[in-house]
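Here is a short briefing for a first look. Keep the sequence and the model side by side while reading.

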Amino acid sequence: SSDLYPSDTLAPASNFQGKQKKNDFGFEYELYNQLTWNLSPSTEVQGYFIYRDGIKIGSVNSSTTIYRDHHRKKGESYMYTITAFNASGDESSSINVRVSP
């Protein structure tokens, strides 16, 4: 498959959701965005890439369905994208979720 197009055989994750959460340490707190998804049905998936506002911020293995993006700013809105990838580095089509305060 060409690098210009997502792999036809690689199905994306589904049911991508995000919500802002708070770690409260008493005197201070930290906001983080928790992303969850359902695994891709494709057997060739090696893992998932996570993007925030178009910039890749992480990757997780093929059995992971949660990602926490720490130290977010209060009142900020973020667009997250997730793609599944295989051993060749081909990515599936992407799914997006916006996390707003």
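Contact here means heavy atoms within 4.5 Å. By that rule, and not counting residues up to four places away in sequence, S40 touches A11, P12, A13, V45, Y48 and A84. The model is predicted: local features need pLDDT of at least 70, side-chain atom pairs count only at pLDDT 80 or more, and totals for chains, interfaces and linings use all residues. Residues are numbered from 1 along each chain as its sequence is written, and side-chain values use heavy atoms, with hydrogens and water left out.

**The open sheet**

- Strands are DSSP runs (E, at least two residues), numbered from the N terminus.
- Two strands pair if DSSP finds at least two bridges between them.
- An open sheet is formed by 3 strands in the order 1-2-5, with antiparallel pairing.
- Strand 1 (14-24) and strand 5 (66-72) stand at the edges with a single partner strand each, so one side of each has no neighbour in the sheet.
- From one strand to the next, the twist averages 20 degrees. Axes for such angles are lines fitted to C-alpha atoms, and angles run from 0 to 180 degrees between N-to-C directions.
- Strand 1 and strand 2 (residues 29-38) are antiparallel, paired over 9 bridges.
- Q20 has N33 in strand 2 as its bridge partner.

- Strand 3 (residues 47-52) pairs with strand 4 (residues 55-61) over 6 bridges, in the antiparallel sense.
- I50 finds its bridge partner in strand 4, at G58.
- The hairpin has 2 residues between its strands, and D53 takes a positive phi near 50 degrees there.

**Aromatic pairs**

- Rings of Phe, Tyr and Trp (its six-membered ring) pair if their centres lie within 6.5 Å; planes under 30 degrees apart count as stacked, over 60 as edge-to-face and the rest as tilted.
- There are 4 aromatic pairs in the structure.
- W37 and Y48 form a tilted pair, because their ring centres are 5.8 Å apart and their planes stand at 55 degrees.
- This pair links distant parts of the chain: W37 lies in strand 2 and Y48 in strand 3, 11 residues apart.
- Buried means under 20% relative accessible area, exposed over 50%, and partly exposed in between (1.4 Å probe, protein chains only).
- W37 counts as buried at 3% relative accessibility. Y48 is buried too, at 1%.
- F49 and F85 have ring centres 4.1 Å apart and planes at 15 degrees, so their pair is stacked.
- That pair also links distant parts of the chain, with F49 in strand 3 and F85 in strand 6 (residues 78-85), 36 residues apart.
- Both F49 and F85 are buried.
- F16, W37 and Y48 are joined into a cluster by ring pairs.

**Charges over rings**

- A charge sits over a ring if NZ of Lys or CZ of Arg is within 6 Å of the ring centre and within 35 degrees of the ring normal.
- K22 has its charged end over the ring of Y29, 4.3 Å from the centre.
- K56 lies over the face of F49, 3.7 Å from the ring centre.

**S40 in its loop**

- S40 belongs to the loop between strand 2 and strand 3.
- Its relative accessible area is 10%, so S40 is buried.
- A polar contact is a pair of N or O atoms within 3.5 Å; within protein, one must be able to donate a hydrogen and the other to accept it, and residues adjacent in sequence count only if both atoms are side-chain atoms.
- The S40 side chain reaches the backbone oxygen of A11 at 2.5 Å, and the backbone nitrogen of S42 at 3.0 Å.

Conventions
Helix = DSSP H or I, 4+ residues; strand = E, 2+ residues; numbered from the N terminus.
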